[in-house]
Amino acid sequence: MYRWCSLATLLLGLVAGAWADYPGVGRPATQAELALWDSDIGPDLQRLPAARGSVLEGQAIYAAQCAACHGDDGRATEIFYALAGGVTAADVASGRVAGLQGAEPSEVSTFMLLPSLTTLLDYTARAMPFGAGGSLSTDEVFAVTAYLLHLAGVVDGDFVLDRSSAELAQQRLPNRNGFSTDHGLWPGAAAVDGGMGNGGIPEPDTVRCMADCDP
Ligand code: HEC
C-alpha cells in the first residue's frame with residue numbers, strides 16, 4: 001500500500017533501458033502496470049489515502065497488537081525497540097531533538113529520529129506487528145500512528161489522523177528539522193540554485209592525509 005518509489009523507478013528504468021537498447025526484447029509498461037507500482041507517498045503528504053484513525057482507536061490496537069513488544073507507553077521492553085520517549089515539548093516546538101545534540105544520547109527512540117510522518121505510516125503498514133506485516137487496515141495504521149504521535153507528545157488525546165490533519169502532525173514532529181540534504185551524498189544542485197544537494201561537496205570537514213598521518 002505504501003512503498004517508496006526508488007525501487008520501482010529503478011526497475012522501470014531498467015525495463016525502459018532494455019527496450020531502447022535491445023529492440024524486440026520486452027515491451028513498454030502499460031499505464032495500468034505503471035499504476036500498480038506507482039504507489040509512493042512522499043513526505044509532502046500529497047498522496048495520502050483517504051483514511052482516518054483516532055488516538056483512542058489506536059490505543060486499543062496498540063494495547064492488543066503492539067504493547068507486548070514495544071511496552072505499554074511505547075518506551076520499549078527490555079528486548080524491543082523504543083518508539084516514544086526522549087523528546088520534550090521544546091523539541092516539538094523547534095523540530096530539533098536536544099537529546100541528540102552533543103554527547104551520546106542517553107536513549108534513542110523512533111520519534112527522536114523521525115523526520116517525516118510518511119516513513120512511520122509506511123513502516124507500520126508494511127512491517128508491523130512484527131511477523132504479521134500488512135495485516136492492519138489503512139484506517140488501523142492511521143489510528144495506531146495517531147496513538148504513537150500522542151505517546152510521543154506530538155498531538156493531543158482527541159487527535160484524529162487523516163489527510164487534513166496529517167500536515168499538523170508533520171509540522172510538530174520533534175526531529176523534522178534534524179536532517180540536512182546540504183551534503184555531498186545528496187545529488188543535484190545546491191540549495192541556492194534551487195536543488196536539494198550542495199553541488200557535491202563531501203560532508204566531512206577534514207583534510208586528506210596520505211602519509212605520516214596522525215593515528
Ligand atoms: C513481536 C514483537 C513486536 C510487535 C507485536 C510489534 N513490533 Fe514493532 N518492532 C518490533 C521489532 C523487532 C522491530 C525492529 C525491526 C527491525 O529493525 O527489523 C520493530 C520496529 C518497529 C518500528 C520501527 C522503529 C524504528 O524507529 O526503526 C515501529 C514504528 C513499530 N515497530 C511499530 C509497531 C506497531 C505500531 C506495532 C503494533 C501494530 C508493533 N510495532 C508491533 C517488534 C514488534
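Is Cys69 buried, exposed or partly exposed? Cys69 is partly exposed, because its relative accessible area is 27%, and the partly exposed class lies between buried (under 20%) and exposed (over 50%), with a 1.4 Å probe and protein chains only. Cys66 has a relative accessible area of 18%, so this residue is buried.

The model is predicted, so local features need pLDDT of at least 70 and side-chain atom pairs pLDDT 80 or more, while totals for chains, interfaces and linings use all residues. Residues are numbered from 1 along each chain as its sequence is written, and side-chain values use heavy atoms, without hydrogens and water.

The iron atom of the ligand has two protein donors, His70 (NE2) and Met128 (SD), at 2.0 to 2.3 Å. Donors are N, O and S atoms within 2.8 Å of the metal (3.2 Å for Na, K and Ca). The site is octahedral, with angles of 84 to 179° among 6 donor atoms; this class needs opposite donors over 155 degrees apart and all others between 65 and 115. His70 lies in helix α4, and Met128 in the loop between α7 and α8, 58 residues apart. Both are buried.

There is 1 aromatic pair, where ring centres must lie within 6.5 Å. The rings of Tyr62 and Tyr147 have centres 5.4 Å apart and planes at 55°, so the pair is tilted (under 30 degrees is stacked, over 60 edge-to-face, the rest tilted). Tyr62 and Tyr147 are buried.

Cys209 and Cys213 form a disulfide, with sulfur atoms 1.8 Å apart (the cut-off is 2.5 Å). The link is left-handed, at -100° about the S-S bond.

How values were computed: Tetrahedral: all angles 85-135°; square planar, octahedral: opposite > 155°, others 65-115°. Helix = DSSP H or I, 4+ residues; strand = E, 2+ residues; numbered from the N terminus. Phe/Tyr/Trp six-rings, centres within 6.5 Å; stacked < 30°, edge-to-face > 60°.
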